[in-house]
Structures are given as structure tokens and as C-alpha cells.
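Let's walk through a protein model together, one part at a time.

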Amino acid sequence: MTSATDPNKRITQLRTTIRKHDHAYYVLDNPTISDSEYDALFKELNALEVAHPELITKDSPTQRVGGAPIDAFVKVPHELPMLSLDNTFDDQEVEAFDQRIKKVLGSHSELEYVAEPKLDGIALSILYQDGVLVRIATRGDGRTGEEITAQGKTIGSIPQVLLAGSNYPPLLEVRGEAFMTLEGFQRFNDEARANGEKVFANPRNAAAGSLRQLDPRITAKRPLSFSVHGLGAFTPGSLADTHAERLEQFKHWGLPVSAEIRTVQGVQGCLEYARQLALRRDQLPYEIDGVVYKVNSMAFQERLGFVSRAPRWAVAYKYPASEQLTRVLSVDVQVGRTGALTPVARLEPVMVAGVTVTNATLHNFQELQRKDVRIGDQVSVRRAGDVIPEVVRVVFDERPEGATQIPLPSRCPICDSPAIQPEGEVIIRCSGGLVCPSQLKEAVKHFASRRAMNIDGLGDKLVNLLLDKGKIRDIADLYRLEKPALLPLERMGDKSAENLINAIRKSRQTTLARFLFSLGIREVGQTTARNLARHFKSLEALMAASMEDLEGTPDVGPVAATNIRRFFLEESNRKVVQDLRNLGVQWPDVAEQPPPSESTSPFTGKTVVLTGSLTNMTRSEARARLEALGAKVSGSVSKRTGFVVAGEKAGSKLTKAESLGVAILDEEAFMALLSGRTTEVRSDSIQIQPSLF
């Protein structure tokens, strides 16, 4: 094998290959190998560098993430100032810009411009020497910025080495915008809210806050992207004569350039580009606050020069602001399909980014209290992409006397069931999961699912149809359905109706464990339902159980015990359960179970969380294998979690496990433990190899 005889050669090969795949994934958005193939290359490179630390270089893909925290940011001067752009706000100002340029150039012909989206991000300067990244700096005041090389290198779309064979200058400084996509921003804020951490008002603030982390390992966890739009200092001789051609050169060198950039003719071409992009603004995956026009000819740019702090040859055309001020008229509470109660502000109508906004989300009541939003307040409202408008902040200086605080809800506004806030959660929920109209569709779908009551043929579309047509009002009504009531439904023939009635009739014979799981009690999965059935042996005993009795059940902790007790104390839930029994839902007595035998498996008695996708088995198969070894498989990570098994594309659960110090297994380690090849695993020795995806 090459690496055994010449590690230096193999390391060089691996670095080149990995960089090409990084470019394909981050810049071209066209990965050419699978996650597992990429991970295998990365793992081999990392192993070789560990074995030969003298061969590690700063530009190695293994050094992109995880540098040591710094004490402070160092100030660095820009060899060429990073200037601002003058702004225009309407067509007449763009036409005036075009006329000024023609006057300076002494030209009456149409000029060629490059038009590009104005990303709402953080301006960065990236310096390459002989194709190797040596420094990343912020714009700062335009003449002096802060060096953030360690933080910026964690952005996957910034190449650490320009593509081999490219005719790039020995010294090349490119400039562009670091930004966060709307999807990444939403995911980032959702995870922050779930963990009780700071949330950001907009993607730009989130990107700026991420790059100002002294610990680059924190920056590495943030979903940042980068796009090049211009040039700073460089060694003359190999660059094209137009701005558009230079951008093409950047792309060939492996640098990310926006796919929305166009070359247009004259001022009318500029204005048409702005209009067309505005129509698609809400569909773009990132925020823009306008477009930028630049004279395409580099010779013309040099002749035009600069005035004060801005170039004469470029201008920004600003779209209407995506944040506006308005007043809160009232706050309503919406009930989601999982019972989450969400406060929604009703607003004085205001135009935000070209759309009239009358409602804005406040996310949850903890967020409402943190922002201290009151009825009558003047607030800043933001709209971005397809995300529902949100209240960003309160203008406290404009708060009127008598502004009304919004109390926490004590009951569901839809079904009047008690509203509860489980300990450790930020979400307040409706407790009437079996009767609340807002939750009923999900409750019926879960009740009928294969692992619950297993009503064959009762899929999502039919459940929606039965509820929308008023054929059922709760899950017990399924057992009141008769064939004549089904026949008028869309695509419901005689045979289909008969099959459904037979499937419902057949489901009456079930097990106590399946029945408990079908009720959709929070934290009661299949394993917990089986443990409850074995422990209490009858539904009556379980419904009468105290907190102490419930917590005495194997693998039932305080949170699950609280949810179970609350569920059965709620009168509406008890009524539905009794209706189901009266309608013939039954099960045989629970047989006495022998105590589980002692096991040497490291999973025995542990709570395990699965996240991401596995290549060797399905999630259901993994769950079954774990439960057979005496593990409890949970859907959420806490300090009590024993292991997190992280497959490909692992998300927020992996992040939370890392923050809590929970032991993490990659698929290779997981399979080894399942097969018994390792009988003892120390949490400080379990590692996940970095993954591209």
C-alpha cells in the first residue's frame, strides 16, 4: 500500500483529492462521492497525520476546524482600502449614476455593467500567497480590520488552497461576503431556542456573531457560507481585462462566486435585472438587500477612480427594507399540530420588503417574555424569504402608558384543556391531545400507525378526509364508523370501504403495550409502553399510579412519569380511553415476565439516542437490536443519555450531545459494540471523525 511505503506521497494525494471534493460540494453544490467515501478519505488522512505529525501542514483539510481559542483579535491594515458603495433607491438615481459615468468617460454609448445580488452579510478580505490561504480579515473601518483567519477557515466554501494548475497571481487578495443561508439561520436559531441560548434577529447578525467567536470550534458549528465579488491587492500580469472575466477566473481557481451575476447592457439592462431579481427575492436561499452595478471594463474602472470613500464605477441599488416599525394591536395564541401554543402578534398593517404584514410570530412564550412584548408597543418587524414575519425587538422609548402585558396561557384556546409546560422545556402545550381539533389529525395518524393499532389502509389522506368531512371527532369515533358513511368519500369504493371497516374491527384485538403507545403520550415510545405494561399489568393500575409508582418502572424517569400522570388525570383523555374500551378495544392479560438476565453489553440499562442515517441497518433495526440488549432508545438528548449514535447527516442532537459531554459513537464504533467486539468503552476515547456532509 502506498501510504505504508511513502506516507508523504499518500498524504499529498489525499489532500488533493479531498480539496477537489470540498470544492465540488461547497462551491459547485454537486458532490461526486458519497458521505461514507469522503469520510473514509478524511479518516485515512487524519490517521496518517497522527502517525507522522511532522508532515502536518497548516493548509491540510484536517486543520480547517478545531484550532485553539485565541485571546483577542489582532488588528491588520488593508493594503488597499475596503471602500463602501454609494446607494441609490430608485430608477432615477440609477440613471443619474449612469449619466455621471458617461460624462467622466466622455462617452455617449451604452456602457456594459456587471449586475450582482447585494448579499446582506459580513465583508471579508482573503489573502492567498502562491495559492495558499494565509490571512482572512474583516472590513473593519475600511482601512484596518481584524484578523479572523482561524474562524474564517472553518467556512467550507473558502478554499484553503486554490485549485492546482490555475494561472493565479503569486499574491491574490479576494473580497466578498460571509453570510448565513435562510435555512441555516432558521435551523441555528431553532437549536438555540431549544437549548435556551441566545437567538439572533437576522442572518447578518448571526454571521457576524459567529465570526467574532474567539474559539473557532464554535464558529465551525455555525452554518456559514462565502461568496467572492471583487479583488483587492494582487501581483499584476495574469488577470483578465473585465470584471466579469475576472469572476470567471475566480471560479476556475476554486473560489465561490454567485450564480446570479449577469453582464447587462446600459442602464435599462441594470434596471431590468433589479426588477427580475426582486420578483425572485423571496425564493433565494439567502437574504439580499439590493443589487450592485459595476462598470465591466477594468480600464474604465481605473479611469473613473474613486471619490471620498466610494468608487465612481460602482453603486448599490437598495430594495425596500426587510425590517419596519409598526404597533402591536393584540396577541393571539395558535395551537400547533403537536399541541405547542405559539403567541402571534396582530399588527397595524405595514409594508415589509414589498409585502403587507399584519401578523408576526413571537415563537414561544419564553421568547415573548425575553423581548417583553406588550399590547400597544411599537415593534420592529422582519420578514425574510418564506419565513413567517417575526417581531425582532420592542422600541422601549416609544412604549405607551398602559401597554398590556400578555399572561401565560393556563388553558388551550381551542379545546379548553389545561395548558402545561413540561419541566426543562420552553414550549407550553395543550394537554388535550386526544380531543383538541388542532392536534387531532396527528393523534389519529399515530393511533392508526403500524406500530400502534395497525389499522391497515388508514393513511394520511384518508385521515384528513375523515376529519375534514366531519366523519370522526376523536380517535374513538373510528370504531363507530360504518360502511355507508364511508362510501360518499372521494375514491372510496365498496371494496375499499369494506376493507377499512374490517381493518378497524381487527384492530380492536391488541396488546396493552400497543394501546399505551397508540395514545401518543409524550416520552412514551414503544419500549416505555412495553415496560409500563409489564410493570402495571393492567390499564386500571397504570391510570391510578402515583408519581412514585411510575418512577419505579424500569427506564421511566421524572419527565416521562409526569407526562403519563398528567395524561391520565385529564378528564377528556380518560373519557376517550373509556370510550375505546366500551367500543370493544381489548387485550389479553399481561403475562408475568421473567427478570432480564444479566448482560455484559455496554448498552444494558443505558439510554441511547439515534441521530442521522446508518449505512449498515435501518433506524428501526438499530432500535430493535439495542432494545434486545436492554437499552432504552430515546428521541431526545439529556444529561442522562448514555450514548448518542451519530450516523451521516447528524444534526442538532449531535450538537447537544457534544455540549453536554455525552458519549458519542460513530457507526463503526456502534457496530463494534453491537457485535460484542468491545466490552468497555470510555466516553473520553469515543470520537467522531469530521464529516463533510
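Two strands pair if DSSP finds at least two bridges between them. Helices (H or I, at least four residues) and strands (E, at least two) are themselves DSSP runs, numbered from the N terminus. Before we use these terms, please note that this is a predicted model, in which local features need pLDDT of at least 70 and side-chain atom pairs count only at pLDDT 80 or more, while totals for chains, interfaces and linings use all residues. Residues are numbered from 1 along each chain as its sequence is written, and side-chain values use heavy atoms, with hydrogens and water left out.

Let's begin with strand E3, residues 112-119. Six bridges join E3 to strand E10 (residues 288-295), and the two run antiparallel; here Val114 stands opposite Lys294. E3 is also joined to strand E9 (residues 262-265) by four bridges, again antiparallel, with Ala115 opposite Arg262. What holds such pairs together? Strands of a sheet pair through backbone hydrogen bonds, either parallel or antiparallel. E3 is mostly covered, since six of its eight residues are buried, where buried means under 20% relative accessible area, exposed over 50%, and partly exposed in between (1.4 Å probe, protein chains only).

Now find the open sheet of four strands, in the order E5-E4-E7-E8, with antiparallel pairing. Strands E5 and E8 (224-234) stand at the edges with a single partner strand each, so one side of each is left without a neighbour in the sheet. From one strand to the next, the twist averages 30°. Strand E4 (residues 122-129) pairs with E5 over six bridges, and Ser125 stands opposite Ala137 in E5. Helix H7 (residues 203-211) lies across E4, strand E7 (171-180) and E8, and runs at about 125° to E7.

Stay with E5 (residues 132-138) for a moment and look for Arg135. Is Arg135 buried or exposed? Arg135 counts as buried, because its relative accessibility is 19%. Leaving aside neighbours within four places in sequence, Arg135 is in contact (heavy atoms within 4.5 Å) with several residues, including Val76, Pro77, Ile126 and Glu147. Glu147 is twelve residues from Arg135 along the chain, and their C-alpha atoms are separated by 7.1 Å.

Next come two helices. H4 (residues 91-105) and H10 (residues 266-279) pack at an angle of about 145° with their axes 10 Å apart; axes are lines fitted to C-alpha atoms, for helices over the stretch in contact, and angles run from 0 to 180 degrees between N-to-C directions. Where they meet, Asp91, Val94, Glu95 and Asp98 of H4 face Val267, Gln268, Leu271 and Arg275 of H10.

Finally, look inside. A nonpolar core is a set of buried Ala, Val, Leu, Ile, Met, Phe, Trp, Tyr and Cys residues joined through side-chain atoms within 4.5 Å. The largest one has 56 residues, of which Ile455, Leu478, Phe568 and Leu580 touch the most other members. Helices giving two or more residues to this core include H13 (440-448), H16 (494-507) and H21 (558-569). Apart from it lies another core of 33 residues, among them Phe226 and Val228.

What about disulfides, pairs of cysteine sulfur atoms within 2.5 Å? The count comes to zero. The sulfur of Cys412 has its closest cysteine sulfur in Cys430, at 3.6 Å, which is too far for a bond.

Technical notes: A disulfide is a pair of cysteine sulfur atoms within 2.5 Å.
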